[in-house]
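Here is a short briefing on a predicted model.

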Amino acid sequence: MFRDFLIRLRALFRRNVVEGELDDELRFHFEHQVEKFVHSGLPLQEARRRARLQFGGLDQLKEECREARGTHFLETLAQDIRYSLRVLRKSPGFTAVAVLTLALGIGANTAIFNVAHATLLQPLPIKQASRVVVIWANNLTHGWSRIGPTGQDYLDWKEQSKSFDDLFLFEHGTGTVTGSGEPEQVAGLRVTTNFGDFFGIKPVLGRTFRMEDAAGRHNFALLGNAYWRRHFNSDSSVVGRGMTLNGEQYTIIGVLPAEFAALFPSDLVVSFDNDWLKRANGDLGVLGRIKRGATLQQAAGEMSVIAERIANSRPARKGFGVVLVSLESVRLEYLRPALLVLLGAVGFVLLISCANVANLMLARSLVRRREMAIRMALGAGRLRLIRQFLIESTLLSILGGAAGSLLALWSTELLKVFVPSRIPVPNAADYVTLPGIHMTGAAFAFTIGISLFTGLIFGLIPGFQNLRCNVNGLLKEGGRGLRTGPGGHRTRSSLVVVESALAFVLVIGAGLMINSFWRLLQTSPGFRPDHLLTLRIKLPADAKDSKYREPRQQAVTFQRFLAGVEAVPGIQSAAFADIVPLSQDDMDRGYFVIEENPPLPPGEHLSADYRDITPNYFATMKIPLAAGRTFTQQDDLDHPRVVIIDESFARHFFPDQDPIGKHVNVPDAARPAREIVGVVGSVRDAGFDQQPQPTIYFPSLQSPDQTMTLVVRTAMPPSTILPAIKNAIWSVDRNQPVFAVRSMEEIISGIVSAQRLAFLLLGVFAFLALALAAIGIYGVTSYLVSERTHEIGVRSALGAQSSDVSRLVLGHGVKLAGIGMLGGAIAALALTRLLSSLLFSVSSTDPLTFISVAILLTLVSLAACYIPARRAMRIDPVIALRCD
Amino acid sequence: MPQQGVDLPQGTLDLLILRTLALGSNHGWAISERIHQVSSKVLQVQQGSLYPALHRLERRGWIKARWGASENNRRAKFYELTKSGRKQLEAEQGEWKKLAAAVAQVLETA
């Protein structure tokens, strides 16, 4: 066994020595044979001749010995590879075009694979992530499909449920870090102390929370890895140091690993203590790990029962149910449809590339038929010839794959600009972060795999084609057998038809996306989104001695901020609102009752979006006032309560009455009836493709908030005006940070990120597909012309005009494209349904798009046939008839 | 002298080579001569079958080769039987005897 291996190795790597030995051995035998003949009486010459005769075919003998050596396969493989390289080098034009085409196809696939890998295939940094679910509460009568539960809910669930290994509660928030330089607003996470165990986290430094930490108010903080690098310069002695958060003293107990940011990109993590947990009622989230052996349905069923029990024992939770969604699918909901479409599209592009290269190889192989015939006549096996083609095609595709990898690397950098770093979670005012996208080892493996696969596909097609040729016919002089051959033309034409069909489908898809995206952006959101800058301010009210504990004080402070900002030169108008449209920052909906209307049947509720605003809000946002008045400074806590409604509300609930002067009641401690004093235009709050919801606006002085968003209308660029705004804020409170600085354009860009990505990429792929299909049509038509030169010469000699000739050529090309378009149209009608979730106000079978794309493809195929047609027209019949 | 001999099937040639080498190491020429002589000049092994067989047997590990000096001091490749080759020889000899006996039986009784 081992000896066998050694012998083979030696035969491979020390070929010359081994061949020399074989020569020596055989010569030795020959000499002895000659001697034997001489001894038996023959003269030397005769003896030599006899011996040589007896030896037979020396080369064949050597060949058989080589085969017996067992390295035959590898030796011939090496031979074939060297030969293929020579062949490829000798036709640089063909090689370049083939490699480029493959690079485009393979590169595009690798780039999309990267995106898909990062978003769909990356494992989450939680142990046993497949069993983790997100648990939301819901209240369908209120119109809330996914909201956070209360802390008490969490405690009840933890106590009563049997389906989970563990339940974990967290709250997103921000905090103010002061004490060193500029006050900073950091992204924070408050967690239950089972944090470390639930995720299986190993901290980079220090420790995570322990159970005992929940017993009292310990103020321990964990640093996020990026924050630790940025703020503390990766100092390894941070554990034990203090920091000031929200005006309180915290102790740093550890640093989290970098992978954790894929789930929660928080700068700081602090823990709930048991008291806080009972009172918690904010933006809470719950994750649970289902016990091994239980299913999601079982857990969901149990939780519904528990929810009912809770509603019975705590009437405040009446109407609240429970929703369980697997964590992995939550991350994917938003992106999956777009990604699947892209994967399909990019697969089409690859198929088109393969078809093109197969066409190229077929064209070339027809010329090489003579060579094949000679080799077959000399004894080459058919398998060996097929192997030759496969080796050539594999080499081409490896080269193409290498070039494609470079392309993918470059385009991945480009993609990073367009792929959002966080994507909204549908139906929950929340975001999920996306891991960064970069070339990974998996991507390279994918590239290699795809290269070999494509090499196989387009290597086998010409390989099998050529085996059907007639050896004898080809070896005869005349060479006509070279040009015309069985099936060559038909295969190439069918490949082009398939390409055209695929390209048609892709261009239709892109056309639909372009249409949809354009319409999306044309939709007015209800306000003027240009020249708006937003930023958020959260008043730190947690500390017991905080001056912002009183709601009145909060409202007054925001007024003072506003006064300072309005004085900044360059600001046209400014206002505060608790939630800015399209930002997905938060959700605020509530019940209301219209005083003047008859009472609703029991169990029925009306709900609307609530918004708290300062008086200048509508003017700043340029939301039109339809009736009544806007708020003034007089609408404060010492004056009657007022509200403004929007047109959706008016249309819904006051269809034939004047709402001005009516009163609404909202569930609120003081329960005064609030008078409607104005009606404003509706705003699309949740997205361009969402209907505006009925909204009630409250004056901020009558409904204060701890966190508000400043909206300013200014013609100056954000970077210029921002420092002045910050200074205005700091002149009121030196320690108040601002965060989430975004222009309205950035906010809009974030909300359409999936559609925009799909639109861009689909556009690029459609363009590639079109270009490749055009090249394919050009190739086939051009070959047709050279094949039928003789025939065209005859026709011209017989009186055909050049217009007839060009019609012949153009007609052929357009016919191919036309058949392809027909097939493509049928496929498109079936496939574009998959796009419909991404399309806005465009039907997936929009006739206008289909017709325009058909016209486009016809024009492109005409253009592709133009050069060959011109060549055909210029054929001199005399030369054509003579040459053959 | 008769140049044509009986055609040997491949497996049988292997057996003959192994047996010849069992008596002592030798080069290819000597092996073919020996088989020719011992079989009363009936079996003539052609180079075309001999050398591929030798290389095959070497790869299989039943014989091993080394370069040495021949009787008239020329460089030649000598083959000798290995331990596993010896075992293989015994096995194949047994097989051959059984085969020969069985064929003889059938020819006799038919």
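Ser234(A) is partly exposed, because 13 other C-beta atoms lie within 10 Å, and a residue counts as exposed at 12 or fewer and as buried at 20 or more. Ser234(A) sits in the loop between α9 and β7 of chain A. Its phi is positive, near 55 degrees, and it is not a glycine.

- Most residues other than glycine have a negative phi.
- Asn233(A) belongs to the loop that runs between α9 (225-232) and β7 (242-245) of chain A.
- Is Asn233(A) buried or exposed? Asn233(A) is exposed, because 8 other C-beta atoms lie within 10 Å, and the cut-off for exposed is 12 or fewer.

**Chain B: elements**

- How many helices and strands does chain B have? Chain B contains four helices and three strands.
- Their order from the N terminus is α-β-α-α-β-β-α.

**Chain B: burial and contacts**

- Chain B has 110 residues, and 31% of them are buried.
- Among contacts in chain B with a separation of 6 or more, 54% join residues 24 or more positions apart.

Notes: Residues are numbered from 1 along each chain as its sequence is written. Chains are lettered from A and ligands numbered from 1 in the order in which they are written. This is a predicted model: local features need pLDDT of at least 70, side-chain atom pairs count only at pLDDT 80 or more; totals for chains, interfaces and linings use all residues. Helices (H or I, at least four residues) and strands (E, at least two) are DSSP runs, numbered from the N terminus. Two residues are in contact if their C-beta atoms, placed from the backbone, lie within 7 Å.
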